[in-house]
Amino acid sequence: MFSSVWSVNSSGIIFFNFCRYNFKIYELVLSLVFAIEEINRNPHILPNISLGFDFYNVPYSEKIILINPIIWATGLKYPFYNYYCEKERKSVAALTGPSWAKSAHIGRLLQLYKFPQLTVGPFDPILSDRGQFTSLYQLAPKDTSLSLAMVSLMLHFGWTWVGMFIPDDHRGTQFLSDIRETMETNGVCIAFVEMIQITWNSYPYKNWKSLGMVKESLANIIIIYGENDSLQGLMSNLGQQFLASKVWVMTSQWDFTNIADFFLLDSFHGSFIFSHPHEQVTEFKNFIQTVNPYKYPEDNYLPKLWFLFFKCSFSELDCHLLENCQYNASLEFLPRHIFDTAINEDSYNTYNAVYTLAYSLHEMSLQQVQIQPFGNRESMVFLPWQLHPFLKNMHEGVNMALEWKQNLHDNKYDILNFWNFPKGLGQKVIVGTFLPNAPNGQQLSLSEQMIKWPKLYSEIPKSVCSESCVPGFRKISLEGKAVCCYDCIPCGDNEISNETDMVKCIKCPDSHYANTKKKHCLQKVVSFLDHKDPLGMSLTTIALCFFVLTAVVLGLFVKHRDTPIVKANNRTLSYMLLISLKVCFLCSLLFIGHPNTTTCILQQIVFGGAFTVALATVLAKAITVVIAFKVTIPRRVVRWLIISKAPNLIIPVCSLVHLVFCGIWIGTSPPFLDKDAHAQHEYIILVCNKGSDFAFHGILGYHCTLTLGSYIMAFLSRNLPDTFNEAKFLSFSMLVFFCVWVTFLPVYHSTKGKVMVAMEVFSILASSAALLGFIFGPKCYIILIRPDKNSIYHIRNRPHSESKNPLKT
């Protein structure tokens, strides 16, 4: 019994005198022949049965696409449709490919007869619709992970601005939808999309309006998706333009052999091709080496190849060689971009399709042997539609006798790099793989040292809409532009970006600060008004000097305690004022040095207490003078007030009021140690937080009230006829004191950090120095420089010496 396999091809061997050659399709024919011969030699598959085939060309034009299939189906050169005239047909199945569109057209015809059809590629979801194609089986693997594989390659090299050429059909639309979604998820943008019309290959490149857009686009990476029919014109036009600045990323379905001039292959040097991995059939290469016109004299295609490439004489009349050519001529000598001796993806699918049919026939023959009587030796008789159950089992993997079935629908990809050197060789080299089921980050594997880029590039090319934002900058989107097009702006204050293309800058914690380049957060140095700082050292020195000066003045007054100028204006109050001023100068040292909670509380208590005593003392001095000269009450009462030193009670009363203020302050919101991380860029300033601003300003207000009271009392007694009347000095010192603290408030609130603390220390020292200088300076001048005025004799000789001085004690 002889059973033939009929093969319908989607674009194929065309007559020499009016059509160009398609070497890729001829590779499919040779893989078909190789598989049939291999099966026929195998005694374990279809014993006593030989396989054969018929080959038919299918034109490109859809108008005549079914001419040859109909001629074959009807058995008539001029067929009557719906009539079947071939009564002794031996064909059992049809192999079609590698065009899905032509396979679909032929499939609709064949399903009328329920004739089995196997397509070798490319895979198309429409052909899997059993409602439309009941007799069709696809052998090509699915491309469900192609978009993810391509985007992974983009991400690996940092390509975020990508152009596309896609056929204007449902396959192109579906691929565009899939890859657009994957790109948006991974931050890759589409620069442009050029939809290719199916008849676009007839357009000359001079009329290609999109050429300028492709050349001027910043997208140096361009994806080309489609099959041989839709890409012929595109590849020819791109090759003629020699776009050496572009890297093409494409599938294995496009064909280099359509490029007539191998010099045009330079335009595709460095391109990437995604192909499904398949086993290399080593015997196929040996088979190719033996193929020649003399071995297969019925093959009309081989003489034309020998005529083209080996310069043999050729007869167009009967398609035979006129004379013998060189003996060792072989297809392996042809350039690889024209004919590759290694079995390619479509050829491997064809090889598997033949084996699928063979095993299905084998299973069916075994079943028929079991059903037929043992003695019946007639040949196997069946109709082609009876083969469907066995093909279905093979196709769906029920029978796993074929090892290649295990990887049939695997979504793995080999990544090939196209090399065009030596010039015209056109070889494809595997430089990586993509495994969709691998863990994230391990799906793509590349050998970058093997990759050859277009000659224009000496390193990995860039394909971005905007240059990456370097560390220290962040991306800001541009209105109306894709997310891959952006501007770069510096990070804000105390913000950094330590990676490229950051959308948001990272805020440095309060304990750190951003360096000048906004790349790193550096640890801030803890700082405070230290004794070792120039400012702290200066204030400390001034405070100690004034303290010593006050002590000297106090010692001077004690030494000259019996002199008139010391005894005048209440000697005891003078001592108390000098002691309180010493405390005022020393309390400023609490503000200098490493602060803690204790010093923070003592700062306000000691500072407030010392100034309260000092101001109360001045007030007592001023009231004493006013009582002595201005009060209009009986003389005896005045004398009692002076002798009993009743004005001195002002000091404890005022101090008691201050203690009440402090008690409320500490009990409600006491001062505490605080960190000011914003006053200075590189420092964390340790400062004492006042706790309650109301209490702090209340103490200052209380001091100002005492100051105004003292000033009023002293102003009223400034012209009284006392020999050593200090009322003028008291009023002037209060005026200076008041000005210092009124000026302190706005300056204090406009400064931060150490300067704020230094401002408070300066105000303490300035106001204390004013009291010391204006009240005791004139007296020290008399004691030390003019001792002649500090005597009883001088007082008695004054014009008003007859007046009694009730202020002396």
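Predicted model: local features only at pLDDT ≥ 70, side-chain atom pairs only at ≥ 80, totals over all residues.

Is the disulfide of C469 and C488 left-handed or right-handed? I looked up the torsion about its S-S bond and got about -90 degrees, so this disulfide is left-handed.

**Entry 1: disulfides**

Searching the whole structure gave me 6 disulfides. In the one I started with, the S to S distance between C469 and C488 is 1.9 Å. C469 sits in the loop between β15 and β16 while C488 is in strand β17, so the link ties together parts 19 residues apart in sequence. C469 has 0% relative accessibility and counts as buried, whereas C488, at 32%, counts as partly exposed.

Next I checked C465 and C485, also joined by a disulfide, S to S 1.9 Å. This link is right-handed, with 105 degrees about the S-S bond. Both cysteines, C465 and C485, are buried.

Then came C600 and C688, with sulfur atoms 2.0 Å apart. The torsion here is about -75 degrees, so I wrote down left-handed. This pair links distant parts of the chain, 88 residues apart: C600 is in helix α15 and C688 in strand β24.

C584 is buried, by the way, with a relative accessible area of 0%.

**Entry 2: aromatic rings**

I found 29 aromatic pairs in the whole structure. One of them is F284 with F287, a tilted pair with 6.3 Å from centre to centre and 35 degrees between the planes. The two are 3 residues apart in helix α8, which means about one helical turn separates them. F284 is buried at 1% relative accessibility, and F287 is buried at 7%. Both belong to a cluster linked by ring pairs, along with F34, Y296, Y348, Y351, Y355 and Y359.

I also looked for charges over rings. R130 lies over the face of Y137, 4.9 Å from the ring centre. K475 has its charged end over the ring of Y486, at 4.7 Å from the centre.

**Entry 3: the bent helix**

Where does helix α20 bend? I found a bend of about 45 degrees at F776, with a proline, P778, following within four residues. Most of α20 is covered, with 22 of its 31 residues buried. F776 itself is buried at 1% relative accessibility. Its ring pairs with that of F557: the centres are 5.4 Å apart and the planes at 80 degrees, so I logged the pair as edge-to-face. F557 is in helix α12, 219 residues away from F776.

Key:
Residues numbered from 1 in each chain as written. Heavy atoms only, no water. Bend = angle between axes of the 7 residues up to and from the residue. Buried < 20%, exposed > 50% of the residue type's maximum accessible area, 1.4 Å probe, protein only. Phe/Tyr/Trp six-rings, centres within 6.5 Å; stacked < 30°, edge-to-face > 60°. Lys NZ or Arg CZ within 6 Å of the ring centre and 35° of its normal. Disulfide = S-S within 2.5 Å.
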